[in-house]
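Trainee: I would like to go through this model with you, one region at a time. May I start with a single residue and work outwards?

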Amino acid sequence: MKAETFTLRTGETITIPIPVCYADCIELIRSDYYRYFGHVSSFGKMFLKTFSSPPFALTFWLRLAQIRGLWYWSAKIMHRHYSVKYSMQVYPSMKIGYGFCLQHSICVVINPATIIGNNVNVSQFTQIGTSKEKAAIIGDNVSLSPMISLVNDVHIGSNSTVGTGAVVTHDVPSKATVVGVPAKVLHYNNSGHFVGNRWPLPVNNE
């Protein structure tokens with residue numbers, strides 16, 4: 001597994017895994033599965049789970065569509081199917097860390113230039129957009145609550161929470177909870193506690 005490191009304006013760094021083979025894709029799928037269900041499983045059982053869990057199904061096929069190999073076109077078609085059916089625009093070209101969790105299978109729009117850290121929750125009716133070349137960078141262990149918007153290239157610090165209905169137009173410090181329109185810091189008593197079943201990161205990610 002390759003990796004890319006990004007430095008947030010909050011001063012912290014995040015390391016994003018970049019798959020180069022199907023074994024890497026399966027490792028990422030396993031990390032997502034753990035976030036949803038709290039345990040690891042075989043590839044076959046994870047595949048069967050796609051028939052009963054649309055949010056996991058979208059991430060499952062998204063991960064496989066990141067590699068141009070035997071499964072590429074099947075994965076692209078299935079990813080497209082779930083994207084259209086549930087109005088979810090999350091692209092295989094995006095850089096997404098371990099343990100990506102879509103809380104519900106409806107109405108998520110994420111600009112493909114967005115960088116998403118490890119163990120991140122994304123809820124329904126989330127919009128992450130930009131009118132610039134760059135989009136948001138989201139740190140590790142972040143919870144994005146329902147009906148929120150991240151505007152342009154904001155940086156969301158690790159272990160933070162964006163509260164329901166917030167419109168984020170400025171950077172969010174680490175361990176902060178922000179709410180409102182525009183979003184403002186409510187408190188710093190946060191350690192990403194809304195992010196459960198965290199996938200343990202490789203040593204070089206910590």
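Mentor: Please do, and keep in mind that this is a predicted model.

Trainee: Is S105 buried or exposed?

Mentor: S105 is buried, because its relative accessibility is 18% and the cut-off for buried is under 20%.

Trainee: Which residues does S105 touch, leaving aside those up to four places away in sequence?

Mentor: With that exclusion, S105 touches P54, P55, Y86 and M88. P55 also belongs to the buried set of helix 3.

Trainee: Let us move to helix 3, then. How many of its residues are buried?

Mentor: Ten of the eleven residues of helix 3 are buried, so this helix is mostly covered. They are P55, F56, A57, L58, T59, F60, W61, L62, R63 and L64.

Trainee: What do these buried residues pack against?

Mentor: Their partners are helix 1, helix 2 (43–49), helix 4, strand 3, strand 4 (95–96) and strand 5.

Trainee: Could we look at one residue of helix 3 in detail? What is the relative accessible area of L64?

Mentor: L64, which is found in helix 3, has a relative accessible area of 2% and is therefore buried. Not counting residues up to four places away in sequence, L64 touches Y22, C25, I29, W71 and A75.

Trainee: And where is P112 relative to L64?

Mentor: The two residues are 48 apart along the chain, and their C-alpha atoms are separated by 17 Å.

Trainee: Back to the helices. At what angle do helix 1 and helix 3 pack?

Mentor: The angle is about 165°, and the axes are 9 Å apart. Helix 1 and helix 3 are therefore roughly antiparallel, since an angle over 145 degrees counts as such. Their crossing is right-handed.

Trainee: Which residues meet there?

Mentor: From helix 1 the residues are Y22, C25, L28, I29, D32, Y33, Y36 and F37, and from helix 3 they are P55, F56, T59, F60, R63 and L64.

Trainee: What span should helix 1 have, and what does the model give?

Mentor: Helix 1 has 16 residues, and at 1.5 Å a residue they should span 22 Å. The C-alpha atoms at its ends are 22 Å apart, in agreement with that expectation.

Trainee: Which residues of helix 1 are buried, and what do they pack against?

Mentor: The buried residues are D24, C25, L28, I29, S31, D32, Y33, R35 and Y36. They pack against strand 2 (13–18), helix 2, helix 3, strand 5 and strand 8 (120–122). Just after helix 1 comes G38, whose phi is positive at about 80°.

Trainee: Next topic: helix 4. Which of its residues are buried, and which are exposed?

Mentor: Y72, A75, H79, Y82 and S83 are buried. These buried residues fall within an arc of 100° when seen down the axis of helix 4, so they line one face of it. On the other side, W73, I77, R80, V84 and K85 are exposed.

Trainee: Why would such spacing in sequence give one face?

Mentor: An α-helix has 3.6 residues a turn, so residues three or four places apart point the same way.

Trainee: What does that buried face of helix 4 pack against?

Mentor: The buried residues of helix 4 pack against helix 1 (22–37), helix 3 (54–64) and strand 3 (88–89). After helix 4 comes S87, with a positive phi near 55°.

Trainee: Finally, the backbone. Which other residues have a positive phi without being glycine?

Mentor: N141 has a phi near 55°, and N159 has one near 60°. N141 lies in the loop between strand 10 (137–138) and strand 11 (143–144), while N159 lies in the loop between strand 13 (155–156) and strand 14 (161–162).

Trainee: Are those two buried or exposed?

Mentor: N141 counts as buried at 13% relative accessibility, and N159 counts as buried at 17%.

Trainee: Where is there a cis peptide bond?

Mentor: A cis bond joins V181 and P182, with omega about -5°. P182 is in the loop between strand 16 (177–179) and strand 17 (184–187).

Methods:
Residues are numbered from 1 along each chain as its sequence is written. This is a predicted model: local features need pLDDT of at least 70, side-chain atom pairs count only at pLDDT 80 or more; totals for chains, interfaces and linings use all residues. Side-chain values use heavy atoms; hydrogens and water are left out. Buried means under 20% relative accessible area, exposed over 50%, partly exposed in between (1.4 Å probe, protein chains only). Helices (H or I, at least four residues) and strands (E, at least two) are DSSP runs, numbered from the N terminus. The arc is that of the directions from the helix axis to the C-beta atoms. Contact means heavy atoms within 4.5 Å. Axes are lines fitted to C-alpha atoms, for helices over the stretch in contact, and angles run from 0 to 180 degrees between N-to-C directions. Angles under 35 degrees count as roughly parallel, over 145 as roughly antiparallel, 65 to 115 as roughly perpendicular and the rest as oblique. A crossing is left-handed if the near helix is turned anticlockwise from the far one by less than a right angle, and right-handed if clockwise. The expected span of a helix is 1.5 Å times one less than its number of residues.
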